[in-house]
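Please look over the notes below with the coordinates open.

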Amino acid sequence: PYTPNGKIDRKMLPEINIDNVDVDCLNREYTGKPLIPTGTPQTSTQPYQSNLVALEQAVLSKILEMYPDGTKIHINSSYRSPEENARIEGSAKNSQHCCGEAVDFTVRINGQMEDVIETAKKIVNNANIPFDQLIFEKNNRVKWVHISYTNSVSKCTGSKNRRNIYKAIWDESGGKYKYIAIRDINKVTSF
């Protein structure tokens, strides 16, 4: 699962769990229950637990409200330690995952994964869901949505919520990002 330089190869996702560190809210379903239960023992995520709680309350809970009962948000990645983040090929040094301000996820309705482009459109078209960045991503085997949120000024990016939208395709040469204007989100039909 690693490239010659020792980084995690994104093409190997999801066979490996790139985030099995520190927090019990990784690689699990979000159904409205808190990501970090009350009384969670202190971990290295402690400085960023309040960011995860804010992300959950301001974003994930509102996303879940858009869907019928029984819908689940499958979280593939949330908080990453800087060490874990450095092992992921193509991950930015200032990744909001390292501040507890971002999650990668898919939506499952009645057990079926919703197309990530449709998920992204629903989020953007719902003015009640704040976000900093929304990126719908794919590699050769899996697709997911990355969403970030900050309740003030991000310690990772130094900015407030920008409502930036991108699509990203990961292949052998790395990631290719394309900016998408909010007004154009409904025109997107594929990667």
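1. A disulfide is here a pair of cysteine sulfur atoms within 2.5 Å. The model is predicted, and by this rule the count comes to one disulfide. Cys99 and Cys156 form that bond, with their sulfur atoms 1.8 Å apart. The torsion about the S-S bond of Cys99 and Cys156 is about 100°, so the disulfide is right-handed. Cys99 sits in the loop between α2 (82-86) and β3, while Cys156 sits in the loop between β6 and β7, so the pair ties together parts that are 57 residues apart in sequence. Both Cys99 and Cys156 are buried.

2. Helix α3 covers residues 116-125, and seven of its ten residues are buried, so the helix is largely enclosed by the rest of the structure. The buried residues of α3 are Val116, Ile117, Thr119, Ala120, Lys121, Ile123 and Val124. Lys121 may be worth a look when going through the list, as a lysine among the buried residues of α3. What do the buried residues of α3 pack against? Their partners are α1 (49-65) and the strands β3 (102-109), β5 (133-138), β6 (143-148) and β7 (164-171).

3. The N-terminal end of α3 is capped by Asp115. A side-chain oxygen of Asp115 lies 3.0 Å from the backbone nitrogen of Ile117, and Ile117 is one of the buried residues of the helix.

4. Strand β6 is mostly covered, with five of its six residues buried. Two pairings involve this strand. With β3, β6 runs antiparallel over four bridges, and Val103 has Ile147 as its bridge partner in β6. With β5, β6 also runs antiparallel, here over five bridges, and Phe136 stands opposite Val145 in β6.

5. Which strand pairs with β5 in the parallel sense? That strand is β7, joined to β5 over six bridges, and Glu137 stands opposite Ala168 in β7. Six of the eight residues of β7 are buried, so this strand is largely enclosed by the rest of the structure.

6. β7 also pairs with strand β8 (residues 174-180), antiparallel and over seven bridges. The bridge partner of Ile169 in β8 is Lys176. A hairpin through two residues joins β7 to β8.

7. For ring pairs, the count comes to three aromatic pairs. One of them is Tyr166 with Tyr177, edge-to-face, at 6.4 Å centre to centre and 85° between the planes. This pair links distant parts of the chain: Tyr166 is in strand β7 and Tyr177 in strand β8, eleven residues apart. The rings of Trp170 and Tyr177 have their centres 5.9 Å apart and their planes at 85°, so this pair is edge-to-face too. Ring pairs link Tyr166, Trp170, Tyr177 and Tyr179 into a cluster.

8. Is Trp170 buried or exposed? Trp170 is buried, with a relative accessible area of 6%. Tyr177 has 43% relative accessibility and therefore counts as partly exposed, since that class lies between under 20% for buried and over 50% for exposed.

9. On confidence, the protein averages a pLDDT of 78, and 75% of the residues score at least 70. Over residues 6-27 the pLDDT is below 50, although this stretch has 74 contacts in the model beyond near neighbours in sequence. Where pLDDT is low, the predicted coordinates should not be read in detail.

Key. Residues numbered from 1 in each chain as written. Predicted model: local features only at pLDDT ≥ 70, side-chain atom pairs only at ≥ 80, totals over all residues. Heavy atoms only, no water. Buried < 20%, exposed > 50% of the residue type's maximum accessible area, 1.4 Å probe, protein only. Contact = heavy atoms within 4.5 Å. Polar contact = N/O pair within 3.5 Å; in protein donor to acceptor, adjacent residues only side chain to side chain. Pairing = 2+ DSSP bridges. Phe/Tyr/Trp six-rings, centres within 6.5 Å; stacked < 30°, edge-to-face > 60°. pLDDT = per-residue confidence, 0-100.
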